[in-house]
Structure formats: C-alpha cells, structure tokens
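Subject: Structure handover

Hello,

The structure is pasted below for you to open alongside this message. Notes on what was found in it follow.

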Amino acid sequence: MSWAFLRDLLSGVNKYSTGIGRIWVAVVFLFRLLVYVAAAENIWKHEHDEFECNIKQPGCENVCFDHFFPVSHIRFWALQLIMVSTPSLLVVFHVAYRENREKRHNQKLYKNPGKIDGGLLCTYLISLILKTGLEIFFLILFYKLYNGFKIPRLVKCDIKPCPNTVDCYISKPTEKMIFLYFLVATSCLCIILNLSELSYLMFKYSTKCYLKRHVKNQQ
Amino acid sequence: MDWGTLQSVLGGVNKHSTSIGKIWLTVLFIFRIMILVVAAERVWGDEQQDFVCNTLQPGCRNVCYDHFFPISHIRLWALQLIFVSTPALLVAMHVAYTRHEKKRRFRNGEKIDIEELKNERIHIRGPLWWTYTSSIFFRIIFEATFMYVFYYMYDGYQMPRLVKCDAWPCPNTVDCFVSRPTEKTTFTIFMLAVSGICMMLNLAELCYLVIKICMKESGKGA
C-alpha cells in the first residue's frame, strides 16, 4: 500500500471528469504527488536528527522540536493530498451504482452511465465543493499552526527541561521554504481549477435547463 | 508512486512523436531519470550529515549548509526533469481530444473503424503541429532556465572542496568541508552535458518540423 493506490484511484476518476477535471488530475499527479515523492520527502527525512540546539541538557532538543513541529510539514502534506483526492471517489461510486442498477434491472436505464447529468451532476458538484473546501481548510490550518508560510532558521526555546532560553537551529530552512511555496502555489492552482470547473458546470447546465424550458414554452 | 508513472505517461506520447522526439525520450529516461535515481541520489544522500565544519559551535553547521546550498542539486534536477517532461502532456491531451472528437462523430453515425481509431498513429499536421511545436519550444525554455538558475545559484558548475562561512552563530570565519566534491562535480558535469544534448535534440526537432511544413507549403503553392 503506497502512493500507487492513489495514482490508480485518480486514473479511474479521470474517465468521468470534464476537461478541467483532467487538468486537475494532471496537476495533482505531476506537481504535487511526484514532487512530494521525488523531492520533498527527502528534504524532511532527517529533520529531527539535524535539528540542533545550543545546549547539552538531555531532553531539551526533543522537547523543543516537539513544540515547534507538532505535526511535521511533510506528514501534513501527505494528509492533505489524501483528503483532497478522496471526494473524487463519490463520483466513481455513483457511476458504479448506476451500472449495477442497469445490470440488476437487465435493461438500459441510462444513455451513458458515465455521462455527467442528473444525479451524477449533483454528486460531481458536491465532490468539487468538498475538494475545494478541504484544500482551503488545510491551507488555513497550516497557516495557523506554523504562524504563516515561513520556516525560520533559528527558533528560541524555553520549555522545561531547557534551562533559560536556548537557540535551536532548523536544518535546510531555505530549501524547505522553496518547497513550501511550491506546494502552496500548486494547492492554490488546484483551488482555482476546482472553482472554474464548478462555475463551468453550473453555467453549462443552467443554460441547458433554460433553453429546454424556453423551447417547451414556445411549443 | 515514482518516476514510473511519468514513464507510462510519456511512453504514450512516444507513439505520436517524430524520430528525434523518440531519441529525446530515450535519452531522458536512460541518461537522466535512471542516472538520477540509481546513482546521483546515493552520492547526495549523506550531504548534510557529512558536511563538516571546523567548529564546535552548535548550529553553525546547519546555518552554513543552508547558506551554501539553498536548494540541493538533486532536488533541482528532479524539478527540472518534471518541468521538462510536462509539455509532452499538452501533446497527449491534444491527441486524446482528437480521438474523443472522432469517437463522437462515430457515435453520431459517421463510418469510422473503432479498432483502427485506437491504434491509429495521428500525424503531426494542422493544430497538432502547433501543439507539438509549442511543447518543444517550452521544453527548450525550461531546460535553459534551469541551467541558468543552476549556474547562478552555485557560481558555476564545480563543487568546491572547502567553503568559508561567517554566518551567525559561527564565531569569526569557519572552514566547512563538502562531502565527495569530486564525485559530485563529475555528476554535475554529466547531467549538464546530457541536458545540453537534450536541448540540441529539441532544437533539431524544432528545425525539422519548421522545414517540413515550409516545404509542404511551398510544394502546395507551386
């Protein structure tokens, strides 16, 4: 069980997405998942070992590290990636439900079970709203947890058992910040893609509805 | 999840590339991605642990390392490879869109052979020519940008053996020693050379496509 599962899941979702949805999947794969696995993970690999405090007091380094990094950035992003990809499962389940229904009744109930209309449209819109909501939630949570989108070189720590205030140095702060900005930027890009897909679908189907009603009235 | 997914995506694009495009893809996979994963990552694997400074001052090593290596070579190459491979997706999307349109026409009653559609090699003509050419153009831009960023960030392509650091909290100036500088320089030059070869291949492919379309236009005009 690894990221390959998420990759397969997203490939399955790709079939039932709109054009913008497919761009979203490509952005998540290439610029978030692949960058995470190929680059970001290694930067945070030894973060605890390389976190150094100017003190010999045993336990001080551990306590300070725990205070400043309640949840490591990298684990936070892993959670974010998983949560943000999961709403797409709703669409896959709905299409499977439709196909199951057709099989049970042994007749063609839908012109095309994978086409986004009726109930599937609602499910798709809900999944888009959930995806966007989760992205924004994680960004705000990150901002609150780490007091902004920055990684300082030095933190001053004065928790027991550290005697007085102690200087602690974070390893590779610049590199971590570059990747932090990159991942936040791709997160924002995904939010924009989700919002445009939402507006596109709502516009498309409201005009369809309006035209249908207009034609009916004319008849 | 690793470079394998990128390989499968790009492999799909391979069918619709020119011969030079296929050579570029082979060079990318064997001499860049494979070398990165199999060799280069090991060389840079212990870079901070073995970065040693001539001081007992806690924090000095961290700060000096961060000052001289704002972003590790390995991560820069990984980003370069991802960005350079991305324009090929444009071509993949265009091909998928063309197939989708043909399928739609088939469903609306036009006679098209479905099996032939799946295995058809779509020729680089018309709008696809523009997509393909712009993807090559972007590839060249990304390669050049990353090579320049690398040169600018590290003042050249050589890894020094010794760097002198006086960032706080290091007292005065401190000597810091980089681990495996010769091996790292060798790989840097290797990756640079392959990057240059890839750029040459892209330029050649661009010229080939432009000449081909010009000849076709002049042939039509005559």
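A cluster in chain A is joined by ring pairs; among its members are A:Trp44, A:Phe51, A:Phe65, A:Trp77, A:Phe137, A:Phe138 and A:Tyr146. Rings of Phe, Tyr and Trp (its six-membered ring) count as a pair if their centres lie within 6.5 Å; planes under 30 degrees apart are stacked, over 60 edge-to-face, and the rest tilted.

Before the details, some conventions. This is a predicted model, in which local features need pLDDT of at least 70 and side-chain atom pairs count only at pLDDT 80 or more, while totals for chains, interfaces and linings use all residues. Residues are numbered from 1 along each chain as its sequence is written, chains are lettered from A and ligands numbered from 1 in the order in which they are written, and side-chain values use heavy atoms, with hydrogens and water left out.

Aromatic pairs

Over all chains the ring rule gives 30 aromatic pairs. For A:Trp44 and A:Trp77 the ring centres are 5.2 Å apart and the planes stand at 90 degrees, so this pair is edge-to-face. A:Trp44 is in the loop between helix 2 (19–43) and strand 1 (52–53) of chain A, and A:Trp77 is in helix 4 (residues 73–85) of chain A, so the pair ties together parts that are 33 residues apart in sequence. Helices (H or I, at least four residues) and strands (E, at least two) are DSSP runs, numbered from the N terminus.

Both A:Trp44 and A:Trp77 are buried. Buried means under 20% relative accessible area, exposed over 50%, and partly exposed in between (1.4 Å probe, protein chains only).

A:Phe137 and A:Phe138 also make an edge-to-face pair, with 5.6 Å between centres and 80 degrees between planes. A:Phe137 is partly exposed at 46% relative accessible area, whereas A:Phe138 is buried at 7%.

Helices

Helix 2 of chain A has 25 residues and reaches 34 Å from its first C-alpha to its last, close to the 36 Å expected at 1.5 Å a residue. The expected span is 1.5 Å times one less than the number of residues. Of the 25 residues in this helix, 19 are buried. Helix 2 of chain A also has a kink of about 55 degrees, centred on A:Tyr36; the bend at a residue is the angle between axes fitted to the seven residues ending there and the seven starting there.

In chain B, helix 4 (residues 73–85) has 13 residues and should span 18 Å; its end C-alpha atoms are 18 Å apart, which agrees. In helix 4 of chain B, 13 of 13 residues are buried.

Regards
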